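Work through the exercises below with the model open beside you. Each task is followed by a stepwise solution.

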Amino acid sequence: MDKVKEIEATFNHGISLAERKNVVVTGVKKIESFDNEEFLVETSLGFLLVTGKGLSLGKMDTENGDLVIKGIIESMALSPVWRGPVT
């Protein structure tokens, strides 16, 4: 996890998954971190962790808080507060 992007806005939150290859997230406030296996995203309703293989940033609209993640999606987890990975 090596890149950080902050977005200053509050939006309605939604998640859409298509064929386990594309995730569209609305209501994104900030991308905490991401790499080719994991995206940690702060949304208007809490945190979203997306894990998989070959993940990449497909599109980021900072004005509207929209994010597209491409790759093989293996899991998504939601939490109002990020507490770190479960061991």
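**Exercise 1. Fold and contacts**

Among contacts in the protein chain between residues at least 6 apart in sequence, what percentage join residues at least 24 apart? Describe the chain as a whole as well.

Solution. 
- Step 1. Note the origin: this is a predicted model.
- Step 2. Take the contacts between residues at least 6 apart in sequence; 47% of them join residues at least 24 apart.
- Step 3. List the secondary structure. The chain has zero helices and seven strands. Along the sequence the pattern reads β-β-β-β-β-β-β.
- Step 4. Turn to burial and surface. Of the 87 residues, 36% are buried. The chain exposes about 5300 Å², and carbon and sulfur atoms supply 50% of that area.

**Exercise 2. Confidence**

Find where pLDDT stays under 50, and state the chain average.

Solution. 
- Step 1. The average pLDDT of the protein chain is 85. A score of at least 70 is reached by 80% of the residues.
- Step 2. Over residues 1-10, pLDDT stays under 50. The model has 25 contacts beyond four places in sequence for this stretch.

**Exercise 3. A nonpolar surface patch**

Which residues make the nonpolar surface patch of about 350 Å²?

Solution. 
- Step 1. The patch is made by I15, L17, M76 and L78.
- Step 2. Assign the strands. β2 (14-18) and β7 (66-79) each supply at least two of the patch residues.
- Step 3. Check one member. M76 is found in strand β7. M76 has a relative accessible area of 35%, so it counts as partly exposed. That value passes the patch cut-off of over 30%.

**Exercise 4. Salt bridges**

How many salt bridges does a search of the whole structure find?

Solution. 
- Step 1. The search finds three.
- Step 2. E42 and K29 form a salt bridge, at 3.8 Å from N to O. E42 lies in strand β5 and K29 in strand β4, so this pair ties together parts that are 13 residues apart in sequence. K29 is partly exposed, at 28% relative accessibility.
- Step 3. K30 pairs with E32, with the closest N and O atoms 3.6 Å apart. K30 counts as buried because its relative accessibility is 19%, and the cut-off for buried is under 20%. E32 is partly exposed, at 24%.
- Step 4. K53 pairs with E74, with the closest N and O atoms 3.4 Å apart. K53 lies in strand β6 and E74 in strand β7, so the bridge ties together parts that are 21 residues apart in sequence. K53 is exposed at 53%, whereas E74 is partly exposed at 43%.
- Step 5. The general principle: side chains of opposite charge can pair when their charged atoms come close.

**Exercise 5. Positive phi in a loop**

Where is E19 placed, and what is its phi? Treat R20 likewise.

Solution. 
- Step 1. E19 sits in the loop between β2 and β3. R20 is found in the loop between β2 and β3 too.
- Step 2. Read the angles. E19 is not a glycine, yet its phi is positive, about 55°. R20 is also a residue other than glycine, with a positive phi near 55°.
- Step 3. Recall the background: most residues other than glycine have a negative phi.
- Step 4. Compare accessibility. E19 is exposed, with a relative accessible area of 69%. R20 counts as partly exposed, at 48%.
- Step 5. E19 and I72 are 53 residues apart in sequence. Their C-alpha atoms are 9.0 Å apart in space.

Key
Residues are numbered from 1 along each chain as its sequence is written. Side-chain values use heavy atoms; hydrogens and water are left out. Patches are made of residues with over 30% relative accessible area and no salt bridge: like charges are joined within 9 Å, nonpolar side chains (Val, Leu, Ile, Met, Phe, Trp, Tyr) within 5 Å. Accessible areas come from the Shrake-Rupley method with a 1.4 Å probe; for residues, only the protein chains shown count as cover. A salt bridge is a side-chain nitrogen of Lys or Arg within 4 Å of a carboxyl oxygen of Asp or Glu. Helices (H or I, at least four residues) and strands (E, at least two) are DSSP runs, numbered from the N terminus. Buried means under 20% relative accessible area, exposed over 50%, partly exposed in between (1.4 Å probe, protein chains only). Contact means heavy atoms within 4.5 Å. pLDDT is the predictor's confidence in each residue, from 0 to 100.
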